[in-house]
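This report goes through selected features of one protein model, topic by topic. Please keep the sequence and the 3D view open while reading.

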Amino acid sequence: MVEGWNEGWEDWFGQFKDFVFDFITPYPDFDVVKLREYAKSKGVSLIMHHETSGSTQNYEKYLDRAYQFMKDNNYSVVKSGYVGAILPRGSHHYDQQSVNHYLHCIRRGADYQVMIDAHEPVRPTGMHRTYPNYMAAESGRGTEFESFGPVGNPPEHTTILPFTRFIGGPMDYTPGIFQQKMSYYDGKSQAQIHTTLTKQLALYVVLYSPIQMVADLPENYARFDDAFTFIRNVPTDWDYTKVLEAEPGDYITTARKAKGQDRWFIGAITDENERTALIDLSKLPLKDGKEYTAVIYADGADASWDDNPQSYTISTKKVNSKSLLEIHLAKSGGCAIELK
């Protein structure tokens with residue numbers, strides 16, 4: 001996905017402008033055809049980005065042309081955005097006009113066979129079951145809020161979402177940040193992601209989305225390539241889900257079976273308090289008498305989200321349907337497990 005490909009970004013936010021983007025005019029240095037053909041040669045699917053800057057009526061005016069432009073250039077997925085105040089003035093993200101707008105975009109997307117990943121829309125209430133092309137949505141404070149200082153997502157945030165936001169449908173939380181301290185890029189920055197590295201891995205299991213983001217820089221994944229193996233392996237959809245233990249706002253441990261495979265993935269996360277995750281495999285429908293290899297990505301003994309978020313260990317262990325795993329979770333830490 002490429003953001004900022006289309007003309008209008010010089011003056012797009014907070015100006016209450018009805019027209020900012022037409023969603024079909026790229027900047028001169030964005031070669032649509034060249035990128036389309038290059039992606040095709042690599043077997044890569046492109047995701048279009050449509051930022052509306054809150055101007056819903058303008059987006060509807062161009063919607064059919066925008067979706068047709070996508071189809072003409074081999075884009076089958078769109079990430080839409082509604083940053084800022086909604087136009088027309090007096091409207092807001094959750095009023096009837098906006099709800100009708102979101103539904104209109106989903107329906108027209110279905111007509112064009114376009115998959116929708118909506119950011120800043122109304123909270124889903126089951127529309128994903130009615131419209132299978134509505135693949136995921138933000139509708140909550142995602143990873144980008146993690147580093148917003150005192151007003152950013154606190155450590156317990158992701159231990160609450162499974163019991164609130166996720167009841168309505170999949171969320172595009174955009175996990176996978178391996179470089180937690182922003183001082184790595186700017187020595188003056190105090191911004192920091194409020195999790196350990198292994199908690200970021202666990203979020204791929206705990207927070208359900210059939211379209212997932214790999215949100216950090218490739219260079220950072222290369223620095224921690226062994227940990228990135230979990231992201232390479234983790235599926236985005238499942239045959240079976242079981243919450244093994246949970247207390248909303250404190251901790252949650254979720255196990256999921258990969259679709260069509262005898263592979264299991266487990267994610268455990270905690271709030272600002274360190275604790276021990278008790279992962280009782282007898283609660284899962286594992287095959288009796290069958291041995292599994294558990295690859296365990298865990299917080300290091302000295303890990304914590306604030307002081308040492310990149311401390312982690314990777315170990316393997318033989319387990320079966322009667323095994324009980326006790327794994328230490330650091331402050332705002334987690335663990336991620338692959339059973340195979």
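## Salt bridges

A salt bridge is a side-chain nitrogen of Lys or Arg within 4 Å of a carboxyl oxygen of Asp or Glu. Side chains of opposite charge can pair when their charged atoms come close. The model described here is predicted, so local features need pLDDT of at least 70 and side-chain atom pairs count only at pLDDT 80 or more, while totals for chains, interfaces and linings use all residues. Residues are numbered from 1 along each chain as its sequence is written, and side-chain values use heavy atoms, with hydrogens and water left out. By the salt-bridge rule, the count is 12.

One of these salt bridges joins the side chains of Asp225 and Arg232, with 2.4 Å from N to O. Asp225 is partly exposed because its relative accessibility is 36%, and Arg232 is partly exposed at 47%. A salt bridge also forms between the side chains of Arg275 and Asp271, at 3.1 Å from N to O. Here Arg275 is partly exposed, with a relative accessible area of 23%, whereas Asp271 is buried at 1%.

## A link between two loops

Asp306 and Lys331 form a salt bridge in which the closest N and O atoms are 3.4 Å apart. This pair links distant parts of the chain, 25 residues apart: Asp306 is in the loop between strand S9 (292–299) and strand S10 (312–319), and Lys331 is in the loop between strand S11 (324–329) and strand S12 (334–339). Helices (H or I, at least four residues) and strands (E, at least two) are DSSP runs, numbered from the N terminus. Asp306 is partly exposed at 22% relative accessibility, and Lys331 is partly exposed at 30%.

Ser332 also lies in the loop between S11 and S12. Ser332 has a positive phi of about 50° although it is not a glycine, and its relative accessible area of 0% makes it buried.

## Helices H2 and H3

How do the axes of helix H2 (residues 56–72) and helix H3 (residues 96–111) cross? They come within 11 Å and cross at roughly 0°. Axes are lines fitted to C-alpha atoms, for helices over the stretch in contact, and angles run from 0 to 180 degrees between N-to-C directions. Angles under 35 degrees count as roughly parallel, over 145 as roughly antiparallel, 65 to 115 as roughly perpendicular and the rest as oblique. H2 and H3 are therefore roughly parallel to each other.

The residues in contact (heavy atoms within 4.5 Å) include Leu63 and Asp64 of H2 and Cys105 and Arg108 of H3. By class, this contact has 4 nonpolar, 5 polar and 3 charged residues. In these classes, Ala, Val, Leu, Ile, Met, Phe, Trp, Tyr, Cys and Pro count as nonpolar, Asp, Glu, Lys and Arg as charged, and the others, Gly among them, as polar. Asp64, Arg108 and Asp111 are linked in a network of salt bridges.

## Helices H6 and H8

Helix H6 (residues 197–206) and helix H8 (residues 225–233) pack at about 10°, with their axes 10 Å apart. These two helices are therefore roughly parallel to each other. Leu197, Leu201, Tyr204 and Val205 of H6 meet Ala227, Phe230 and Ile231 of H8. The contact of H6 with H8 has 7 nonpolar, no polar and no charged residues. H6 is largely enclosed by the rest of the structure, because 10 of its 10 residues are buried.

Asp22 lies in the segment before helix H1 (32–42) and is buried, with a relative accessible area of 14%. The side chain of Asp22 reaches the backbone nitrogen of Ile24 at 3.0 Å, and a polar contact of 2.6 Å joins the side chains of Asp22 and Thr25.

Ser98 is found in helix H3 and is buried at 0% relative accessibility. A polar atom of the Ser98 side chain lies 2.7 Å from the backbone oxygen of His92.

Note on methods:
Buried < 20%, exposed > 50% of the residue type's maximum accessible area, 1.4 Å probe, protein only. Polar contact = N/O pair within 3.5 Å; in protein donor to acceptor, adjacent residues only side chain to side chain.
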